[in-house]
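Here is a friendly note to read beside the model.

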Amino acid sequence: PTSAQVGAVPQLGRFRYTLDNDVLTTEQRQFYEDNGYLLVKKLISDEDIERFRKEFMRICKKEVNLPGVMIMKDESLRSQYGQSEKVVNKVQDFQEDKELFRYCTLPEVLRYVECFTGPNIMAMHTMLINKLPDSDKQTFLHPMHQDLHYFPFRPADRIVCSWTAMERADQDNGCLVVQPGTHKEPLKPHGYPKWKGKTNKLFHGLIDEDEKSPRVHLVMEKGDTVFFHPLLIHGSGINKTSGFRKSISCHFASSECYYIDVKNTSQEDLEKELVEMVHKKYNATSVELRDIWNFRARLVQGERMTL
């Protein structure tokens, strides 16, 4: 190696949340270490995003039948519009859709993911979110939360979310809101917020939220991608515009992560709720949280180890 490369090697123990490689600059690594997220501009091409958008529209029109997919809708609009872009607010667990799952295998995404997970990478959780116009009811406001609340695998530092804006996201249409540095805090208790009106199924939020904690609104252009830690406290606001705000995301984990038992932890109620949903949908008995994640998980790079 040249002297310049030797000089760039970080001091032992300086970085906890990122791994040594030549993708991230020292400044980028330090930013993620301090803040728990990293925004990469224009990572995904317009062409790819348009392909994802087209597939989403096909799903809305029921032209695609996907095993295991969860299509979430605003039930109050269903009678008005049927199943359409105006009703479907989320397509979750699209691992069986070849077109959408391409997102999780894009080399430009995995190149960055490897900085957090290492070379053996599992795609664990996939979502395409279509934030509907929602100025008064606040139905699609997602309360501040930590994603690790949903995950029965560890260690947290080898899990990362890749979240890509499919069009400009700002405060008007409900962009992501993050609390920098909160990835250094433990997993906190979550539950349904005590809001007036409707709360979306599984949209859990922090039970004791620190209203004074500094927040950053992540204004993103189409194709911009943010990578963030599963303990980072984040959420999103309401869409006050007449258009839709789409994003596509995947939670990745090192295949060397391992499952944990969530019984007698703050995640126990979540397990009960999810198992009940699976039981109703598939009439499956004796299902555990790890079984649900095993079904979702796909190897996208390297080899499958313990996960």
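1. Let us start with a term: a residue is buried when its relative accessible area is under 20%, exposed when over 50%, and partly exposed in between, using a 1.4 Å probe and protein chains only. Both Phe151 and Phe153 are buried. Please keep in mind that this is a predicted model, in which local features need pLDDT of at least 70, side-chain atom pairs count only at pLDDT 80 or more, and totals for chains, interfaces and linings use all residues. Residues are numbered from 1 along each chain as its sequence is written, and side-chain values use heavy atoms, leaving out hydrogens and water.

2. Rings of Phe, Tyr and Trp (its six-membered ring) pair when their centres lie within 6.5 Å; planes under 30 degrees apart are stacked, over 60 edge-to-face, and the rest tilted. The structure holds nine aromatic pairs. In one of them, Phe151 and Phe153 are stacked, at 5.1 Å centre to centre with 10° between the planes.

3. Phe153 also pairs with Tyr259, this time edge-to-face, at 6.2 Å centre to centre and 90° between the planes. Phe153 belongs to strand E6 (residues 153-154) and Tyr259 to strand E15 (residues 258-259), so this pair ties together parts 106 residues apart in sequence. Strands (E, at least two residues) and helices (H or I, at least four) are DSSP runs numbered from the N terminus. Phe153 has 0% relative accessibility and therefore counts as buried; Tyr259, at 13%, counts as buried too.

4. Ring pairs also join Tyr32, Tyr112, Phe116 and Phe227 into a cluster. Over the ring of Tyr112 sits the charged end of Arg111, 5.7 Å from the ring centre. This contact requires NZ of Lys or CZ of Arg within 6 Å of the ring centre and within 35 degrees of the ring normal. Arg296 lies over the face of Trp293, 4.4 Å from the ring centre.

5. Now look inside. On a 1 Å grid over the protein atoms alone, a cavity is a set of points where a 1.4 Å probe fits but cannot get out, a pocket is an open set with protein on both sides within 12 Å along at least five of seven lines, and lining residues have an atom within 4 Å of a point. A volume is the space filled by probe spheres set on the points, which are joined across faces, edges and corners. The largest cavity holds about 460 Å³ of space. Of its 30 lining residues, Lys90, Met127, Ile129, His142 and His145 are the closest to its centre.

6. The second largest pocket has a volume of about 330 Å³. Helix H7 gives the most to its lining, with eight residues.
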